[in-house]
Amino acid sequence: MDFVTMNILESTMVSICREMGITLMKTSYSTIFNEALDFTCGLADLNGDMIAVADYCPAQIGGMPLLVKSCLKEIPASELEDGDVILHNDPYRGGLHTPEHTFFKPIFVSGELVGYAVAIGHIAEVGGMAPGGFCGEATEIFQEGLRVPPVKIKKRGEDNIEVWKLLLANVRTPRVNYGDLRALIAAVDLGEKGMRGVYEKYGLETVRRNVSDLLLYSERRMRAEIEALPDGIYPFSDIIESDGIDAERHYPIEVEVHVRGGEIVVDYTGSAPQAAGPINATLGVATSAAYNAVLHMTDASIPRNSGCFRPIRVVAPPGTIVNVDFPAPSVGGNTETHPRLVGAILGAMAPVAPDRVMAAEGATHCNFVFGGVDAETQEFFACYDLEGVGWGGRSFADGNDGVDSINGNCRITPVEVYETRFPWRIESLAFNVDSGGAGAHRGGLGYTKQMLCLNDVIVCSQMTDRHLFAPWGLAGGGEGGCGATLVQNAGRDDWRTMPEVYGKASTSRYSNVAIKRGDRVRLVTPGGGGYGDPAERSPEAVARDVREGYVSAAAAQRHYGYDEGGK
Amino acid sequence: MKFSGNRFYIESYTKCANCGTLVYDDSPEDKARKVVADGATYCSQWCVDWAHEREARRAAAPKT
């Protein structure tokens, strides 16, 4: 291997991917892109293997290889021409869920196809039964928005007008969608242009040889990391609350992690049959969760590409909560079930890799989505809003407070932007005291966001989790706090749940609730589990937590034996 | 699930009975690797062996 050239090429390709992402952020219309950064950008080789990626949304990074490979089985490379752009969002064909739109563009050099530029982004409004795309009560894919199998949205550089018309006729916010889809195309255009420059500078054979070496290098380093773990079978079980349809039914996740020399097999066999409601994960989601869990436990300096994934096999039985079959719904699988799968894999590995895992995090993106007609502009608006949670404590540090759930890696939309773009007033946003699980290393805190409705009506839906089952601790650590969603109707003093006010089955998954002017919504997000025996937490850390308001004096006394006098 | 030859209305794949991977009818690579065993389609011999191994291991495990 020529390490110098390989490293220069790798850095160049990652820079191209980052620039693709910046283009997407700067040119898109929705807050989900330009504030939350819910997208990823990468490059693939002729086989659809990911050769470089920017560090945006890991959940999409893990799904990228399967997405591109699935598309290429339906639109063969021989049918691609210079200037084509492929669009795809089908959850049953390698996709993650209907909002996740994948664009990829073939890269031709001197008339020869050499690879692909890829951008995946979460489109905030995709049609279906509820504005914002997260229908907590969907029972079939057709309620989750327009499903797009691999199609050419551009042919030889020209818009495929028929596809555009179909796409934009089936969503509530065509103007905004048009801007976001154009931004995704701009990203793949930039990726294609950048890679053409790379090929022109270094030559076809040099790039091919070094890219092949790069994948091999990542594979070898990943195998070495896995080999350092003791061989064995490591099981773990967790449970997901309800599915939005049957509030009393809960869904087990079963994971066995098999470490065999330099390979890992993640076997989900035994997990629940697929649910009626939209908590099912697709094959792409289950695969991505396994890949990312292994990435979390291994050296972060290994170049991120498909070579990393070669030593990892995923067994996700069809027709289950980890590999949904047509036509069952799946929109929550990518945001809710994905982090739970990752948590289960980390939990399984805790006995043999205690310094590389964390206790359970909040494991929900909270997914509060809404839409309506703006009273001032008379234009339809829709928003996909995600909120932060507390992360789990680790053997060496407390959990992070109020950040996006694992593998989302998205930013929380600032209050000022939120209020400018949508008819809500954010009345308060504050950490939930005592929501971090007790431990030698405390869990991170969730928070509460309280909003006042300023429009005549805003139609709201939600797909969240952890209202019933608290995030677990590790190595003697305590549980994190649960989440909640509460409503205060105008003219009333009390706060009530969605089942209490609107007769919904679940407090955490519901669709199309009409919040009216003067109503308030309170989103309470879960905290993270603690790590290690609370008795081992240093008295200084406990005193600091109390002083700074992370832990109340009463809870500190209960969990840590804290004396309010400071002793 | 029934499949459409023209690919207009239903996908042209099945799922491996073990790992759930999509096995495409038209993919020469998939066709070459797939195995039909125990009345089910598997993406590869590895999955047949893995399913048998898992079944045997779980059958031998003490009931809890």
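## Close-up views of a predicted model

View 1. A:Met1 sits in the segment before H1 of chain A. Keep in mind for this and every other view that the model is predicted. With a relative accessible area of 40%, A:Met1 is partly exposed. Leaving out residues up to four places away in sequence, A:Met1 touches A:Met6, A:Asp213, A:Leu216, A:Tyr217 and A:Arg220. A:Arg442 is another story: 441 residues along the chain from A:Met1, with 45 Å between the two C-alpha atoms.

**View 2. An aromatic pair, A:Phe3 with A:Tyr217.** Over all chains, the structure holds 20 aromatic pairs, and here is one of them. The ring centres of A:Phe3 and A:Tyr217 are 5.6 Å apart and the planes stand at 80 degrees; angles over 60 count as edge-to-face, so that is what this pair is. Which helices does the pair link? A:Phe3 belongs to helix H1 (residues 3-27) of chain A and A:Tyr217 to helix H6 (residues 204-227) of chain A, so to speak distant parts of the chain, 214 residues apart.

**View 3. Where helices H3 and H7 of chain A cross.** Helix H3 (residues 58-74) and helix H7 (residues 283-297), both of chain A, have axes that come within 8 Å and cross at roughly 115 degrees. The crossing of H3(A) and H7(A) is right-handed. On the H3(A) side, look for A:Pro58, A:Ala59, A:Gly62, A:Gly63 and A:Leu66. H7(A) brings A:Leu283, A:Gly284, A:Thr287, A:Ser288, A:Tyr291 and A:Asn292 to the contact. Sorted by class, that makes five nonpolar and six polar residues, with no charged ones.

**View 4. Rings in a cluster, and charges over rings.** Ring pairs tie A:Phe368, A:Phe370, A:Phe381, A:Tyr418, A:Phe422 and A:Trp424 into a cluster. Elsewhere, rings meet charges. The charged end of A:Arg522 sits over the ring of A:Trp495, 3.8 Å from its centre. What sits over the ring of B:Trp46? That would be the charged end of A:Arg313, 4.0 Å from the ring centre.

**View 5. The loop between S11 and H9 of chain A.** This loop runs between strand S11 (312-315) and helix H9 (333-349), and A:Thr320 lies in it. Is A:Thr320 buried or exposed? Its relative accessible area is 10%, and under 20% means buried, so A:Thr320 is buried. Setting aside neighbours within four places in sequence, A:Thr320 is in contact with A:Ser271, A:Ala272, A:Pro273, A:Gln274 and A:Asn280. A:Pro327 is found in the loop between S11 and H9 too. A cis peptide bond joins A:Phe326 to A:Pro327, with omega at about 0 degrees.

View 6. A:Ser110 has phi near 50 degrees, a positive value in a residue other than glycine. Find A:Ser110 in the loop between strand S4 (100-109) and strand S5 (112-122) of chain A, where it counts as exposed at 78% relative accessibility. For A:Arg156, phi is near 50 degrees. The loop between strand S6 (151-155) and strand S7 (158-159) of chain A holds A:Arg156, which is exposed with a relative accessible area of 58%.

**View 7. Chain B.** Chain B has two helices and four strands, and along the sequence they follow the pattern β-β-α-β-β-α. Of its 64 residues, 39% count as buried.

Terms used:
Residues numbered from 1 in each chain as written. Chains lettered and ligands numbered in written order. Predicted model: local features only at pLDDT ≥ 70, side-chain atom pairs only at ≥ 80, totals over all residues. Heavy atoms only, no water. Axes fitted to C-alpha atoms, helices over the stretch in contact; angles between N-to-C directions. Left-handed = near helix turned anticlockwise from the far one by under 90°. Contact = heavy atoms within 4.5 Å. Nonpolar A, V, L, I, M, F, W, Y, C, P; charged D, E, K, R; others polar. Phe/Tyr/Trp six-rings, centres within 6.5 Å; stacked < 30°, edge-to-face > 60°. Lys NZ or Arg CZ within 6 Å of the ring centre and 35° of its normal. Buried < 20%, exposed > 50% of the residue type's maximum accessible area, 1.4 Å probe, protein only.
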